[in-house]
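Subject: Structure handover

Hello,

Here is the structure I promised to pass on. Please look it over first, then read the notes below.

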Amino acid sequence: MAAIVGPLTEAASTLLSWPTPLWVVVGLILGMIAGALPGVGSSLGMAIVLPLTLPLSPISALVLLVSMYSGAMYGGSIAAILVNVPGTGAAAATTFDGYPMSKDGRAVEALTISATSSALGGFLTVLTLIAISPILIEAVLLFGTPEYFLMAVLGLSMIGVVARGSVIKAIVAGAFGMLLTTIGIAPNSPELRYTFGSLSLYDGIDFIAALIGMFAIAEMIKLSAQRGGIAETGIELGGNVLDGVRTVLSRPVTMIKSSFIGMFIGAVPGSGATVSNFISYGEAMRSSDNPDDFGSGEPDGVIAAEASNNGTVGGSLIPTISFGIPGSGSTAVLLGGLLMHGLRPGPQLFEAELATTYTFMLALLVGNLFILFVGVTLVTRLGVLTQIDTHYIVPTVIVLSMIGGYTLRTNWMDVATVVGLGVFGYLMVKYNYSVIAFVLGVVLGPIAEENLIRSLQLSGGSYSIFVTKPLSLLIVAAILVILFGPVVKPRLERLIS
């Protein structure tokens, strides 16, 4: 514990030093706006801002991105409660009871419940993450090159888990993402691959440009078919702020339980807030004395969904900063921010850069207090966000995406990547191919290849290096369970019955 006091003190000092507090506030506001706009959300908003952080210091950039992530989790509930359209998938379960409360004239109470639950859930889980960080540090330091290769394979095996619909389509999407990362100079060798003699392709396809295209351009093509704002008519806000705060404080079990459900699900690579808010909602309904009230304006439903999605933020940082495995599109963009600013996930973030890691954890902690302040004091003004015309949103996002793509490396190939993968991403969504599977392939492909080659160099070409340590065997077992569990489990159940 004594080893973390110094870095934690340094992180607190950095967080309080100008201009870091400014980036916390800017990130939270941008995140709330992005989250409140259906079709935008946290992934797209972070992807647009990511290349614009190049002039910032690594700490300022990461504080900005992680604050956007947290702010968007809360912002998604605004449209969900007011117009029954969740700003993000993470707020989908909020519509079940949040919108009925609005129709019942209790929109202010529902928005206050959302802000209070989000803030308390996020605060509690990030505090827990900091408390268990000494254990986490010891665990991460056990990992070597072979274990990082196996963790990348474990993340890739999650493609079957994250697939919504056809698993074959998800595997195809993930494989195509990995294939794209083989363009350019091969790792640990001077071999050129698929460059077709073009100097612009020597450094390969830029990971950030790919994310901007897949999230920003693809979503804008989809949103361009929609006329007017998200809400067609004016919204009347009724209810009381204090009633909302009292409601959350009078239900501590639901709030705490949902927060930790969100945290644990967020820590599983391939899951995320979209999954956690439904599971928390289901658990709140299962354990309620009045389950029939859910779906008709039950405050417990809003508390469960909102506490869990902000709780997911803290949990999702564990696989992202420890092993470089993003659990969602938002954490994939956050991972891109780490790499873009020269920080590699893994032991580096828990040794030499431990103070940096603690800085963005503390930023999340403080950010949750800001969410509570904004949610409670500006609750009657938040409906304006849902009425911004898509004719303003679409061109603004496209222009920012192009500028962001070009500024990455001042290479027109990155702009072409943004446009090409934007159209490709739109077609993937249209024909039900998993974008998250594609992103996992793009993110984990290079990590797997680099660590595979390095491991084989260490072992003299022997593959036994991947099964000689207990930790390696444990990860191999986890991979086999994920890959073959869905096939073996029904047969075992039939044999037992």
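**Salt bridges**

K257 and E283 form a salt bridge, with their closest N and O atoms 3.0 Å apart (a salt bridge is a side-chain nitrogen of Lys or Arg within 4 Å of a carboxyl oxygen of Asp or Glu). This pair links distant parts of the chain: K257 sits in helix α13 and E283 in helix α14 (residues 273-287), 26 residues apart. Helices are DSSP runs of H or I with at least four residues, numbered from the N terminus. K257 is partly exposed, at 28% relative accessible area. For burial, the cut-offs are: buried under 20% relative accessible area, exposed over 50%, partly exposed in between (1.4 Å probe, protein chains only).

Before going on, note that this is a predicted model: local features need pLDDT of at least 70, side-chain atom pairs count only at pLDDT 80 or more, and totals for chains, interfaces and linings use all residues. Residues are numbered from 1 along each chain as its sequence is written, and side-chain values use heavy atoms, leaving out hydrogens and water.

The salt-bridge count comes to nine. D104, R106 and E109 are linked in a network of them. R106 pairs with D104 at 3.5 Å between the closest N and O atoms. R106 also pairs with E109, where that distance is 3.8 Å. D104 is exposed, at 53%. R106 is partly exposed, at 23%. E109 is buried, at 9%.

**Helix α13**

Helix α13 covers residues 252-266, 15 residues in total. From first C-alpha to last, α13 reaches 21 Å, close to the 21 Å expected at 1.5 Å a residue (the expected span is 1.5 Å times one less than the number of residues). Its buried residues include T254, M255, I261 and M263.

**Cores**

The largest nonpolar core has 119 residues. Such a core is a set of buried Ala, Val, Leu, Ile, Met, Phe, Trp, Tyr and Cys residues joined through side-chain atoms within 4.5 Å. F215, Y358, F438 and V439 have the most contacts inside the largest core. Beyond its neighbours within four places in sequence, Y358 is in contact (heavy atoms within 4.5 Å) with residues including I4, P7, L8 and I130. A second, separate core has six residues, among them A93, F294, A304 and A305.

**One more residue**

L495 lies in helix α22 (residues 470-496). L495 is exposed, with a relative accessible area of 73%.

Best wishes

Key
Helix = DSSP H or I, 4+ residues; strand = E, 2+ residues; numbered from the N terminus.
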